[in-house]
Amino acid sequence: PQETPASKAQKAPKGETKAELNEVMAQRAQSQHGATSDLDRSVASKGVPIVDDIVDAGEDMVDLVTDGTDLVGDALSDAYNQAADKVEFVANTVIDTVEQAVAILSQGFDFSANCPNWSGPSLSVSDSGLSVDWGRQRCRVTLVGQTLTLFDMNFGSTSVAYPAPLTAMIS
């Protein structure tokens, strides 16, 4: 029979010191109860994936979710929820079916639109003259937490004082 490194470690030659014996005992313990047994080596040599290796690889990939292309339903929803940057995820994902769009939109996809400043022209009259406020129109949309102003048109105002003879008649 051919001698392997493990069988060499298990044979303690005569005349060893206490430190050498402790090292041999540690090697025996590792070969009998260590991380790689004969069965593990046999399975690994056959190319059969080990469940722990797959789980470890999956855990390593969780933080790297940046794309949902070719995923549908719950898989796409889960990938979207795990993505650190939702904007990048949506930008990198090819969404070519209604099912994919609904899966992302139903996961709290932030979308809103409003026009907070919308006033038409107005005219005011005072003792000193006329003033016209030409109005302001501003609208914006919010998509995945990013706000974009569509337009913001502030037309300002114009004031015209009455001529002096007219002001004298009013006062």
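1. In this note a residue is called buried when its relative accessible area is under 20%, exposed when that area is over 50%, and partly exposed in between, with a 1.4 Å probe and protein chains only. By this cut-off Cys139 is buried, with a relative accessible area of 6%, whereas Cys115, at 40% relative accessibility, counts as partly exposed.

2. The model is a predicted one, in which local features need pLDDT of at least 70 and side-chain atom pairs count only at pLDDT 80 or more, while totals for chains, interfaces and linings use all residues. Residues are numbered from 1 along each chain as its sequence is written, and side-chain values use heavy atoms, with hydrogens and water left out.

3. On the overall layout, the secondary structure comes to eight helices and six strands, where helices (H or I, at least four residues) and strands (E, at least two) are DSSP runs numbered from the N terminus. Read along the sequence, these elements follow the pattern α-α-α-α-α-α-α-β-β-β-β-β-β-α. Of the 171 residues in the protein, 15% are buried. If a contact is taken as heavy atoms within 4.5 Å, residues 24 or more positions apart account for 42% of the contacts with a separation of 6 or more.

4. A search of the whole structure finds one disulfide. Cys115 lies in strand β1 (residues 111-119) and Cys139 in strand β4 (residues 136-143), so the bond ties together parts that are 24 residues apart in sequence. The torsion about the S-S bond of Cys115 and Cys139 is about 105°, and the disulfide is therefore right-handed.

5. The largest nonpolar core has eight residues, namely Leu76, Ala79, Tyr80, Ala83, Phe89, Ala103, Ile104 and Val144. Such a core is a set of buried Ala, Val, Leu, Ile, Met, Phe, Trp, Tyr and Cys residues joined through side-chain atoms within 4.5 Å. Helices α5 (73-82) and α7 (98-105) each supply at least two residues of this core, and the largest share, three residues, comes from α5.

6. Helix α7 deserves a separate look, with Gln100, Ala103 and Ile104 as its buried residues. They cover an arc of only 90° around the axis, which puts them on the same side of α7; the arc is that of the directions from the helix axis to the C-beta atoms. The buried residues of α7 pack against α5 and α6 (86-92).

7. An open sheet of three strands has the order β2-β3-β6, with antiparallel pairing, and strands are said to pair if DSSP finds at least two bridges between them. Because β2 (122-125) and β6 (157-161) stand at the edges, each with a single partner strand, one side of each is left without a neighbour in the sheet. The twist averages 15° from one strand to the next, with axes taken as lines fitted to C-alpha atoms, for helices over the stretch in contact, and angles running from 0 to 180 degrees between N-to-C directions.

8. Within this sheet, β2 and β3 pair in the antiparallel sense over four bridges, with Ser124 opposite Ser131 in β3, and a hairpin joins β2 to β3 through three residues. Strand β3 (residues 129-133) and β6 pair in the antiparallel sense over five bridges, and here Gly129 stands opposite Ala161 in β6.

Definitions and conventions
Disulfide = S-S within 2.5 Å.
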